[in-house]
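Okay everyone, thanks for coming. Let me put the structure up, and then we'll walk through a pocket, a pair of helices and some salt bridges.

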Amino acid sequence: MNNFYKHKAKIEIRFSDLDVLGHVNNAHYLSYFEQARINYFKEAIGNNINWAKKGVILASATLDFLKPIFLNDNIFVFTKCQRVGKKSFILLHSIVKETPRGEDEVARGTTVMVCFDYENRSSMDVPNEWKDKLTIYEYGNTQPPGNAEHEERG
């Protein structure tokens, strides 16, 4: 995981996340992606974004459940920007739990984020500053290598 993903966010499992079977209900996995995404934006783009004026909206999400998560599991979400387009960008996510053998992937997915102008209530181009910061964060320069495919992840 660490070779593919740069960003790693710790997730605290709440008792209210559990269902009657004692594992995290599937509805909470996207919330974990969201928590990690917020941390990712802060780290990659910075805190100077006025989300009430110009921000992002979730346009699409896919999620593959691999193994259950339980209350006492120590979990993290890895996040990576796969591609930046004209008005949107794709984020890859992997939820892992720490085990005595290392990290064990329990879920993976993608989210498509569309840049949105909340004042005009319309989509907008990804700001060039965001494009540059995302690319520098992920690749260390402003020219990313070829797009990584979802299946290439660790």
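So, the largest pocket: Glu34, Arg37, Ile38, Phe41, Lys42, Gly46, Asn47, Trp51, Val56 and Met113 line it. Quick caveat: this is a predicted model, where local features need pLDDT of at least 70 and side-chain atom pairs pLDDT 80 or more, while totals for chains, interfaces and linings use all residues. Residues are numbered from 1 along each chain as its sequence is written, and side-chain values use heavy atoms, leaving out hydrogens and water.

A pocket here is an open set of points on a 1 Å grid where a 1.4 Å probe fits, with protein on both sides within 12 Å along at least five of seven lines, and lining residues have an atom within 4 Å of a point. This one holds about 220 Å³ of space. Which element gives the most to the lining? That's helix 1, residues 27–44, with five residues; helices are DSSP runs of H or I, at least four residues, and strands are E, at least two.

Next, helix 1 and helix 2, residues 128–139: their axes, lines fitted to C-alpha atoms, come within 9 Å and cross at roughly 95 degrees. So the two helices are roughly perpendicular, the label for 65 to 115 degrees. Tyr40, Glu43 and Ala44 of helix 1 meet Lys133, Leu134, Tyr137 and Glu138 of helix 2, with contact meaning heavy atoms within 4.5 Å.

Last, salt bridges, meaning a Lys or Arg side-chain nitrogen within 4 Å of an Asp or Glu carboxyl oxygen: there are nine. In one of them, glutamate 103 pairs with lysine 8, closest N and O atoms 3.0 Å apart. Glutamate 103 sits in strand 5 (102–117) and lysine 8 in strand 1 (7–11), so the pair ties together parts 95 residues apart in sequence.

Conventions: Points joined across faces, edges and corners; volume = space filled by probe spheres on them. Axes fitted to C-alpha atoms, helices over the stretch in contact; angles between N-to-C directions. Parallel < 35°, antiparallel > 145°, perpendicular 65-115°, else oblique.
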